[in-house]
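Hi everyone, thanks for coming. Let me put the sequence and the model up on the screen, and then we'll walk through some strand pairing together.

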Amino acid sequence: MEKYILLLILLYLVQYCTVSISAAPSNETNQEALLAFQNLITSPNQFLANNWTKNSSFCSWFGVKCSSKRQRVVALALPNLQLQGIISPSLAILSFLRELNLENNFFHGGIPYVLSHLPRLRVIDIQNNQLNGSIPTSLFQHWRVQVISLAFNKLSGEMWKGPWYVPELRVLNLRNNSFTGIIPPSVGNATKLLNFSLYGNRVSGNIPEELGNLSQLAFLNLADNQLTGSLPAPLFNISSLVGVSVSFNSLSGPLLLDEGNIEFYIGDNPITGTIPSSMGNISTLRKLYCGNNRIAGKIPPELGKLSNLRQLNFMFNYNLIGQIPGAIFNISSLEIVNFSFNNLSGRIPSTTSLHLPNLKELILGVNQIEGEIPSFITNASKLEKLGLNRNFLTGTIPNNLGNLRELRHLFIHTNQLTNEPREHEFRFFNSLITNAHVNGLIPSSIGNMSGLRAQYLGGNNLVGNIPSDFGKLKQLQGLYLHNNKWQGYTPQAVCHLTNLVELYLNGNELSGLIPECLGNLSMLQVLYLNSNKFSSKLPLSIWKMKHLLYLNSIEGEVPPNIGELEAIVHLDLSRNYFSGMIPSRLGDLQNIQSLNLTNNSFSGQIPFSLSNLTNLEFLDLSLNGLSGTIPKSLEKLPHVTNISVSFNDLEGEIPNGGAFANFTMQSFLGNKRLCGMHILDVPSCPINNPGQKSKSKELVLKIVIPVVSSSFLIFLLVSIWIMKWQKKQKSKDVEKVTEIGTYQLISYHEIQQATNNFDGSNLIGEGSSGFVYKGTLSSGIVVAIKVLDLENEQVCKRFDTECEVVRNVRHRNLAPVITTCSSDSIRAFVLQYMSNRSLENWLYREDCHLNLLQRVTVMLDTAMAIEYLHHGNDTPKAGQHSLG
């Protein structure tokens, strides 16, 4: 039996070798395949076309590597060449190809399906191109492929849901595409997978438990997708796992970790539960980010055993409670500790033996921590950011905080701290406090912090003079001293801060002269000096600062050379004491987006040059003494969304083009002599000059005269048509109406029955001579019955005359009388019922609408009926006017 099996295997191997040899491409087919590939792409300066020529061996072509024995292409590596075009299916001829590297180019189109049939392919790296479409499904059944890197393309569709057979696959990088669907459970078949990334797609559903089968997995990145459910428990049993990131999904459930994880990112999900104490067993854990979740409970002391931990971040969970274990501060490798925005309480451990040589960030803000700031923090010599704001800290600020030479940001505002220096060697540097509500003086030792980049002191109750030691902070880029109670002069030392970008001195009690040397701060972009007690005008040197972007100043005249502020985008001179005319050189500030001159004493006219500010979005000239007109050229400003000229002495017409068409009355209040029809509550402008009169005449010539002429012509044509039509229809006007005498007279009793005893619901009309009812005769005919008012003697006397008239009336536009009723109790006419109601309804009711042609027809028919009554029969005219 064993002999037969060996014989079958031998026959199979012989057949396989024969097929492989016969199918192996020759040198010529390899060259033809490469040339076909080259024909579908372009390269800068035709580099590839000039290099790949038939005059040389294709094995010497750039990016081509051949096997030494068979001279077959085994690698095609053309990364970072700015190649454009599509990937030719001809590459499938390269049956010995092991590596295809086309990363960082501009290939578009789809991935050729035949590439997945290359039997020896190990690496396919086409990341960072513009490929679209889906991944060939057979690529997930390639038994030799080791690296599939298709990241940063435009690929879409769902991943292959069928069985995966990629036993050698080590890297699967599909990040930053548009894949949808679920993570197929069969991915667990790729048991040699080391790196799996789906970051930045639109994959949904649960994370399959089969990922736990990837026993060699080191990095798993599923962040920024639409995954739901909980983290599968088997995932945490992978001892080789170094980094996991599942942030920015919609995952939930408890947090489970086990030995072996080194970097773990599960933040930005609604993950619940508590921090497992078993996490302290992961001795290799280096980074743990669980921010912006819903983790609750206490911080387990076991975390203090993580001797290799560098980053520990549980910010924005809101529900962590209890005290921070002191053991955490014994982890000497820690660089970042962040428990901000929780509900922690108790004190920060104050043991002086704690040593944090590598700590760079300690963020514990927005909790309920109490007690004093522990002195051990000053041992963290590398600390750059300290956040203790919005807690219940008390006591004084440690004297030796000034030793933290690397500190860049200190947030301790909204606490109950005091600042009462007891000795001259007090080394606290308030220079980074934001909204701390600290009282007192700033010690001169603040100058020790030579590495400081920004000092936030705004919004406190700081008093005294601004320390000249600020001038020692040579690296300072932002100095924020606004909204305090600083007094005295502005120190010249501020001018030594050559790297200063932003300077806020507004809202204090500073006095004296504004230093002229401020104009020498060439890096300065923001300068706020308003709301002080300065005794000088703004130095001319400041108006010449070419890099200044934002300026809020004080008083005096704006100099004519303001146009030298070439870079400025925000100029705010509002609520000061500026006077004189607005300089026309403001029109040179081509980058300005916001210009606020409100609440000053500017006079004169609005400069026409403001229409040159093509980037202007906001313009406020209100509450000044400006006169003249609003320049119509301001209509041309393409980006302006808000203009206010209220409460000046402007006159003339308000422009109505451009953005002005959208402005309301609020933009023009308090200017009694402005006019313009397009703004509500503004009088229209009178025509009082030759130019306006000529325009009005031109309007009459162009519009009014043609309209009148056309109307007259239409009237003339209609009149001629009516006359001709009247002659043609005159013979048809007289209808063969049966004389009244041919109908049997109707009795009062029948009329009573027909109108249901004159019920009000049948009343359809009322006039001076009587009432009109709707009735139904015994024969079923619906009629209109006009009942005369017997108390009116004149009406009764005319009854016989009217009977004579209706006997002879025969016209299609006059309702025929069917019969009459005459007795001591009633005088009535029975007329044909008009189901479409009266003409009055059609002419005056809102729910009835007649167009122009219909109205002209009504006029014509009425006129013809009246003409017939007067001239078309021999009936006495005395009775003709009483009809209707």
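Let's start at one spot: lysine 774 stands opposite alanine 784, which belongs to β52. Before going on, a word on what you see: this is a predicted model, where local features need pLDDT of at least 70, side-chain atom pairs count only at pLDDT 80 or more, and totals for chains, interfaces and linings use all residues. Residues are numbered from 1 along each chain as its sequence is written, and side-chain values use heavy atoms, with hydrogens and water left out.

Strands here are DSSP runs of E with at least two residues, numbered from the N terminus, and two of them pair if DSSP finds at least two bridges between them.

Now over to β46, residues 625-628. Strand β44 (residues 601-605) runs parallel to β46, joined by 3 bridges, and glycine 604 stands opposite leucine 626. β46 also pairs with β48 (residues 649-653), again in the parallel sense, over 2 bridges. There, glycine 628 has leucine 650 as its bridge partner.

Definitions and conventions:
Helix = DSSP H or I, 4+ residues; strand = E, 2+ residues; numbered from the N terminus. Buried < 20%, exposed > 50% of the residue type's maximum accessible area, 1.4 Å probe, protein only.
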